[in-house]
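This report describes a two-part assembly, beginning with the boundary and moving on to local features. The sequence and structure are shown below.

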Amino acid sequence: LNSTDQAGASRSIQQTYDLTQYLEQQLRALAGTYLNYLGPPFNEPDFDPPRVIGAEAVPSATVDFELWHSLNDNARLAANYQAYSHLLCYLRAMDGATPVATPTLRHSLAHFRASLQGLLGSIAGVMSSLGYPLPPPVPAGIPTPHSHFLRKMDDFWLLKELQIWLWRSAKDFNRLRKRVPPASVMLRLDARDF
Amino acid sequence: RSPLSLFFASSDTHIQYARMGTDVTMQCGAMDWDASVTWTANGTDIDESHLNGSQLVLRNVDLTHSGQYFCYEGSSWHLKYQTTLKVGTPPKEPMLMCRSNNYPRGFYCSWHLPSPTYIPNAFNITVMHDSKEMVCEKDTPPKNRCHIRYLQLFSTKRYKVTLTVTNALGRSSYTITFDEFAIVKPDPPENVVAKPVPNNPRRLEVTWQNPSSWPDPDSFPLKFFLRYRPLIIDQWQHVSELRLPPPSGGGDGERSLCCTDRIRWAALDHRTGMDVVQSELWTSEPRSHIPTHQCTTTTSTSSFAAPPTTKICDQNVADG
């Protein structure tokens, strides 16, 4: 990358990082409201249910310690991109999106979805600025839960995964910021023929 | 389970444990009930009022009853029985705490008993995650601590840690469950130094470094919270959301604060914050004489570049 592309990529990564942090805070508020909407036992602090079938399909942020550290930039970004494109499908099917939920909850959910869509676009922007191809689209179908309780269980796990994914993404973009420093640093290096 | 439990510490003498406040009866080996015997405790003859025939009866025992007991046949002074009595209590529910000060490398758990038992205790800890048991490498005794390495990161599955404490008089256990990031608590910053700024009595320069225990500040950058106050004022001044300088800035932090004159700093409280959690520890009190006029500093924190400083000075504070 020449220094202009460098500056573009660096700015894009920084914006993506800032958006991730904003989403973390937004989700923190939304999750509390949503769990109260789901009601007990979902809003109890020590609720730790098994992950039943539907929730197993939600993309998990969990990753092997060594593997995460060894991911290259392309793989790191691709993992984020695929996760959020998949998570967005689930978000659209959340119980809170249905008319049953309160208007404020539906509005917060829609606002969060739009912000997450923005993050997806931002990640795509970083990938193209670094010359990486976008990963293939995610298969559209998501399993429909057999009961209302299982649907709430899926929502519970979706919220949890989203929180962890955003937590992971913030760390991923921190690593990228270090590897793609701001152009000014690069310009100085250029001046000294490094 | 009888309050009296028998343990064999070595082949010839044995140890018996008794619960504080209970009664203890000791048999003089195979001697008949009505045989003439002498009992000693730690070398001192025991008064016959404590005997029931040839048996020794100790009522409502306490720690002073712990010791070595011998029983001799009356006429021949042959040793017929000896034991070591240890008086104690069963363990209460232990206090257990887990913390990650070197995330994402791992975390440690430490424990202690809320009150002493006066007899030896054995601790057993199990760490479960995603239905698998994790290895907990114990520190050398007497440190009640062990270390666990993260095999996975960013897990939604909770960690479950169970500590069981057992001694001769009973057992107790305690379990905690937590999310991976809920126990992250970095150590405080290191090498915190406060120096006056030459030719500028209204400024103070504070420098610090990342805690050396924090393994990956690039991926997991820390936020710092600093507060200061002139000794003559109780109100702390807060400078928060400080990040270290841009990526190329290495591990050193530096903040230039507007301050009053002739301040004797009470203390600088440095809290190292990470996105979610904070750890807190007072540091030793740096010595420097700074003017006493009050200043407040506001700072915007762009998480990328070093934060710019806006200084608002208020002269209404009386000289110290």
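## The interface

Three salt bridges are counted between chain B and chain A, a salt bridge being a side-chain nitrogen of Lys or Arg within 4 Å of a carboxyl oxygen of Asp or Glu. One of them links B:Asp216 to A:Arg175, with the closest N and O atoms 3.2 Å apart. On the side of chain B that touches chain A, 14 residues are nonpolar, six polar and eight charged; here Ala, Val, Leu, Ile, Met, Phe, Trp, Tyr, Cys and Pro count as nonpolar, Asp, Glu, Lys and Arg as charged, and the others, Gly among them, as polar. The contact (heavy atoms within 4.5 Å) takes 30 residues from chain A and 28 residues from chain B. About 2,700 Å² is buried between the chains, 59% of it on carbon and sulfur atoms; buried area is the accessible area (1.4 Å probe) that two parts lose on being put together, summed over both.

Strand S1 (residues 63–64) of chain A and strand S16 (residues 152–153) of chain B run antiparallel and are joined by two bridges. Within this pairing, A:Val63 stands opposite B:Leu153. Strands pair if DSSP finds at least two bridges between them; helices (H or I, at least four residues) and strands (E, at least two) are DSSP runs, numbered from the N terminus.

## Basis of the model

The model is predicted: local features need pLDDT of at least 70, side-chain atom pairs count only at pLDDT 80 or more, and totals for chains, interfaces and linings use all residues. Residues are numbered from 1 along each chain as its sequence is written, chains are lettered from A and ligands numbered from 1 in the order in which they are written, and side-chain values use heavy atoms, with hydrogens and water left out.

Chain B has 29 strands and zero helices. Of its 320 residues, 48% count as buried, where buried means under 20% relative accessible area, exposed over 50%, and partly exposed in between (1.4 Å probe, protein chains only).

S12(B) and S13(B) form a hairpin with two residues between them, and B:Asp130 in the turn has a positive phi of about 55 degrees. B:Ser131, in the loop between S12 and S13 of chain B, also has a positive phi, of about 65 degrees, although it is not a glycine. B:Ser131 counts as exposed, at 70% relative accessibility.

A:Leu30 lies in helix H1 (residues 3–38) of chain A and is buried, with a relative accessible area of 6%. Leaving aside neighbours within four places in sequence, A:Leu30 is in contact with A:Leu105, A:Ser108, A:Leu109 and A:Phe112. A:Ser108 is 78 residues away along the chain, yet its C-alpha atom is separated from that of A:Leu30 by 6.8 Å.

A:Pro40 and A:Pro41 are joined by a cis peptide bond with omega about -5 degrees. A:Pro41 lies in the loop between H1 and helix H2 (53–56) of chain A.
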